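Visitor: Could you walk me through this structure, taking the questions one at a time?

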Number of protein chains: 2
Amino acid sequence: MPPKPTMRDVARIAGVSTMTVSRVLAQPAIVAEATRDRVHEAIAKLGYVPDMIASSLSSQKSGFIAAIVPTLNNINFAQTAEGLSDTLKMAGFQLLIGYTNYQLDEEESLVKTMLARRPEGIVLTGGHHTKATQQLLLAADIPVIEIWDLPKQPIGHAIGFSNLDVGMAMTSRLIERGHRRIAFLGPPESEPGFRDFRGDERLEGYHRALKQADLPTDLVIRHGSGPVSFTHGAESLTALLEHRKDVDAVFAVSDLSAVGAVMECQRRGIKVPDDVAIAGFGDFEIGSHIIPSLTTVHIDCIGIGERAGQLLLDLLSRTSIESADEHQVIDLGFELVERESTGMSAQQT
Amino acid sequence: MPPKPTMRDVARIAGVSTMTVSRVLAQPAIVAEATRDRVHEAIAKLGYVPDMIASSLSSQKSGFIAAIVPTLNNINFAQTAEGLSDTLKMAGFQLLIGYTNYQLDEEESLVKTMLARRPEGIVLTGGHHTKATQQLLLAADIPVIEIWDLPKQPIGHAIGFSNLDVGMAMTSRLIERGHRRIAFLGPPESEPGFRDFRGDERLEGYHRALKQADLPTDLVIRHGSGPVSFTHGAESLTALLEHRKDVDAVFAVSDLSAVGAVMECQRRGIKVPDDVAIAGFGDFEIGSHIIPSLTTVHIDCIGIGERAGQLLLDLLSRTSIESADEHQVIDLGFELVERESTGMSAQQT
DNA sequence: CTGAAAGCGCTTACAG
DNA sequence: CTGAAAGCGCTTACAG
């Protein structure tokens with residue numbers, strides 16, 4: 001096996017300097033056509049693949065954007081990652097994806113690892129980070145975008161929606177529709193090494209809406225371990241029924257839990273929505289297919305990724321002098337989707 | 001904003017050479033403790049973050065492993081990616097993830113882009129690639145592992161299972177249970193720019209099993225566009241019923257389709273499994289929660305990723321002289337999971 | 001246990 | 001339109 005051909009090899013075969021090869025690759029328009037052809041021939045003949053590592057070091061531009069999500073095992077975050085990746089790919093950037101498993105210390109070590117790759121921008125999920133993470137990010141001196149939330153004090157920019165408002169909106173809607181004993185289903189509060197800050201904010205919104213209406217907030221079930229799932233929803237509903245028989249509505253932290261709860265009701269002969277209404281969050285595809293179809297909150301997951309990508313490209317295309325307007329916070333909002341599980345008839349869905 | 005500190009800055013502050021700083025980072029044990037402490041102090045003081053780009057160029061080791069999957073929007077592939085990533089992370093490797101959207105030409109351009117980052121190994125999903133992709137891979141001279149399949153002529157190594165056997169096994173099982181009019185639900189055959197080779201192999205297995213039993217194979221519904229989904233399953237079932245009322249079992253290319261089909265049956269008042277049995281593939285979590293619970297094929301998705309990671313680490317730790325045993329093909333098998341949707345009673349599941 | 005020299009494969013900044 | 005020189009920030013391979 002011959003050693004991998006370098007730009008020098010291509011240059012020698014084509015009878016030009018490495019600078020000319022470099023130009024053919026980076027800005028072909030400024031190279032004479034005949035020269036360009038010879039270089040392309042040499043590249044093809046040798047099977048030359050440019051070395052982006054050397055290119056990055058020399059130009060001090062890695063072509064990387066880093067993105068950190070809680071997990072890849074949640075379609076919503078996967079969609080955001082795809083939206084980001086697709087947007088950046090068009091501009092020649094490559095996405096470095098990492099996941100934290102909802103752990104801040106994992107995020108910190110990931111940020112450290114990723115910054116060593118010298119990304120030109122970084123996207124983080126949520127507005128909560130360790131002190132060290134924040135310092136690393138600030139020192140990195142690259143655009144930082146926090147997504148899926150609207151932090152009060154963003155590190156750089158933010159693109160998301162208010163999880164607090166989501167919780168209030170859905171809970172208020174349930175109250176409007178006449179429900180008085182509304183339960184909340186979520187993950188445990190203080191699992192060591194796991195925390196869903198955005199889910200906690202939706203819970204806080206639930207609390208506020210109930211308090212405003214002078215209704216009790218004692219039906220909070222925080223069950224299981226780690227990220228929620230269909231199983232989490234089924235088990236949480238079981239736990240809920242053991243203690244309280246008077247519940248008339250359930251708001252789950254995620255559609256995963258909500259769908260699991262609907263299925264468990266079906267198994268137990270509890271009628272949804274007649275005996276109990278159920279609502280979730282995230283608008284997962286399954287929610288529109290189950291019977292009864294699931295009321296939920298729709299988030300434009302792909303859009304969050306795309307907008308983050310666009311903002312990044314915009315920021316990176318500016319000269320450092322232009323970069324005045326710091327701390328953009330973009331609220332993409334959310335949409336309540338009411339379906340059969342809270343009493344909307346099928347044709348309305 | 002001061003320019004980002006380099007190893008030289010750290011060396012100067014600590015009163016040592018850059019080599020000593022480099023050693024403190026790479027092999028601290030061989031540096032005198034007092035020196036080590038001074039270097040660590042300087043690193044902390046400056047907030048120094050090593051530059052892996054320079055490190056990679058100098059050592060000719062990128063610390064990257066590339067992985068290509070069809071999509072991140074499928075939990076099974078996301079799990080494989082996580083298994084891979086977790087295994088490699090422990091050894092200090094970082095995963096470069098890319099997705100093809102089930103398009104071979106996308107795979108080719110991804111491989112080209114990724115090889116420019118000089119990964120030390122690469123993992124591809126499936127055994128079908130363009131000629132150019134194969135040449136690029138061969139020329140790259142790094143370990144190649146194909147996963148989720150058992151290619152007849154692997155480029156390097158392979159870790160997966162036989163999708164053909166999956167199709168035969170499930171179809172045979174349905175025949176054994178007395179079904180005679182068995183339909184197959186899958187994506188369209190020749191969507192421009194989309195092809196699920198592994199799904200096609202499962203279909204081929206379905207064909208073979210039916211032929212062996214002298215049963216008709218005319219109930220193949222290839223509907224929709226692109227990757228299948230719950231909606232695909234619902235629509236495919238509708239399309240199936242329009243043409244054939246005599247179907248007594250359905251085998252779907254994926255649980256996504258199968259669950260969609262179960263839900264559509266429920267909507268139409270068709271009893272599963274009494275009127276029609278339904279089986280899927282992939283053992284998605286939702287399948288064990290719907291009513292009736294879904295018969296499916298379980299694949300150890302995380303295990304595929306972990307095993308691929310381990311093989312890679314093993315191959316990379318060898319000297320080039322040892323690397324004799326090429327073309328390992330590891331069959332991880334699969335497991336038929338029979339549940340209510342094909343007539344198993346609830347307690348058996 | 002530590003350091004000086006050379007070099008990894010490109011691109012920047014000039015010069016012509 | 002093209003090229004020679006220098007350098008990006010590290011590590012390898014020696015030397016001591």
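**A helix on a sheet, and the DNA**

Guide: Helix α9 (residues 197-212) of chain A lies across β6 (182-186), β7 and β8 of chain A and runs at about 170° to β6(A). Helices (H or I, at least four residues) and strands (E, at least two) are DSSP runs numbered from the N terminus, contact means heavy atoms within 4.5 Å, and angles run from 0 to 180 degrees between N-to-C directions, with axes fitted to C-alpha atoms, for helices over the stretch in contact. This is a predicted model, in which local features need pLDDT of at least 70 and side-chain atom pairs count only at pLDDT 80 or more, while totals for chains, interfaces and linings use all residues. Residues are numbered from 1 along each chain as its sequence is written, chains are lettered from A and ligands numbered from 1 in the order in which they are written, and side-chain values use heavy atoms, with hydrogens and water left out.

Visitor: In what order do the 4 strands of the open sheet in chain A lie?

Guide: Two strands pair if DSSP finds at least two bridges between them. The edge strands, each pairing on one side only, are β7 (220-222) and β9 (277-279) of chain A. With parallel pairing, the order is β7-β6-β8-β9 (chain A).

Visitor: Which residue of β9(A) is the bridge partner of V250(A)?

Guide: Strand β8 (residues 249-252) of chain A runs parallel to β9(A) and is joined to it by 3 bridges. The partner of V250(A) in β9(A) is I278(A).

Visitor: Which helix gives the most to the surface near DNA strand C?

Guide: At least two residues each come from α2 (18-26) and α4 (52-59) of chain A, and from α2 (18-26) and α4 (52-59) of chain B. The helix that gives the most, with 4 residues, is α4(A).

Visitor: Is W148(A) buried or exposed?

Guide: W148(A) sits in the loop between β4 (144-147) and β5 (157-160) of chain A, and has a positive phi of about 70°. Buried means under 20% relative accessible area, exposed over 50% and partly exposed in between, using a 1.4 Å probe and protein chains only. At a relative accessible area of 3%, W148(A) is buried.
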